[in-house]
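Please read them beside the model.

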Amino acid sequence: MMIIGIAGGTGSGKTTVVRKIMQRLPQGEVEVISQDSYYKDSSHVPVEDRQKINFDEPAAFDWPLLIEHLKELKAGRAVESPTYSYLTCTRQPETVHVNPCDVVLVEGILVFSDERLRDMFDIKVFVDADGDDRLIRVISRDCIERGRTPQMVIDRYEQVLKPMHIKHIEPAKRYADLIVPQGGNNEVAINLLTDYIKGRLGNR
């Protein structure tokens, strides 16, 4: 099984890159695990305090569970990936069944931040994008999907997202085997990556 880590800032286009890779690979040969699903459960935190949690630092994630699930998949065993609600900031009772397959894409802002996880990746990809472009995408997404106002998103970007990007995400570029500028719009880089994956799979 090939495990590919796809990192990058919030709104950089990681999801688009993942979707386009999946479209180019045979159906059933690829599964996606989102790091966002492995946020620590915050149900014990008072509701009024949950929005104050910093979700853009490594401490926000349940690293042992994510690593355990990847080990299980690599051993040929299916896992039940957790689900997480951004509206309530809690882990949900529902899970997503993930079967072992030829390629697993692990996507998230901080997937390069834990050395144990990083060492499991056969390929490490960093999706890069201009800060203004990322902010526009975050405003659009959070207002539509997460019930936030544009001012709330801008305040969070200035107070949390930008400082955490500079501290934790941007430095992770040094671990990348491939940097994809222009996010999901870089068809050349996505095609090159997909062809490389196909080549690796064909040699097995």
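1. The second largest pocket holds about 250 Å³ of space. A pocket here is an open set of points on a 1 Å grid over the protein atoms alone, with protein on both sides within 12 Å along at least five of seven lines. Grid points are joined across faces, edges and corners, and a volume is the space filled by probe spheres set on the points. Lining residues have an atom within 4 Å of a point. For this pocket they are Gln51, Lys52, Ile53, Asn54, Phe55, Arg148, Met152, Asp155, Arg156, Gln159 and Val160. By class, four are nonpolar, three polar and four charged. Ala, Val, Leu, Ile, Met, Phe, Trp, Tyr, Cys and Pro count as nonpolar, Asp, Glu, Lys and Arg as charged, and the others, Gly among them, as polar.

2. A word on provenance. This is a predicted model: local features need pLDDT of at least 70, side-chain atom pairs count only at pLDDT 80 or more, and totals for chains, interfaces and linings use all residues. Residues are numbered from 1 along each chain as its sequence is written, and side-chain values use heavy atoms, with hydrogens and water left out.

3. The largest pocket has a volume of about 700 Å³. Its lining counts 30 residues, and Thr15, Asp36, Tyr86, Arg141 and Arg146 lie nearest its centre. Two or more lining residues come from each of α1 (14-24), β2 (30-34), α5 and α6. Helices (H or I, at least four residues) and strands (E, at least two) are DSSP runs, numbered from the N terminus. The top contributor is α5, with five residues. The lining splits into ten nonpolar, ten polar and ten charged residues.

4. There is one cavity of 30 Å³ or more. A cavity is a set of grid points where a 1.4 Å probe fits but cannot get out. The largest cavity contains about 40 Å³. Thr10, Asp56, Arg134, Val138, Tyr157, Leu161, His165 and Ile169 form its lining. Which helix gives the most to this lining? It is α6, with four residues. Both α5 (131-145) and α6 (150-169) supply at least two. The classes are four nonpolar, two polar and two charged.

5. Eleven salt bridges turn up across the whole structure. The criterion is a side-chain nitrogen of Lys or Arg within 4 Å of a carboxyl oxygen of Asp or Glu. Glu187 pairs with Lys20, with the closest N and O atoms 2.6 Å apart. Glu187 lies in helix α7 (residues 187-202) and Lys20 in helix α1, so this pair ties together parts that are 167 residues apart in sequence. Lys20 is buried at 14% relative accessible area, whereas Glu187 is partly exposed at 31%. Buried means under 20%, exposed over 50%, partly exposed in between (1.4 Å probe, protein chains only).

6. Arg116 and Asp114 also form a salt bridge, 2.8 Å from N to O. Asp114 is buried, at 11% relative accessible area. Shared partners join Lys20, Arg24 and Glu187 into one salt-bridge network.

7. Disulfides number zero, the test being a pair of cysteine sulfur atoms within 2.5 Å. For Cys89, the nearest cysteine sulfur is that of Cys143, 16 Å away. That distance is too far for a bond. Cys89 is buried at 2% relative accessibility; Cys143 is partly exposed at 26%.
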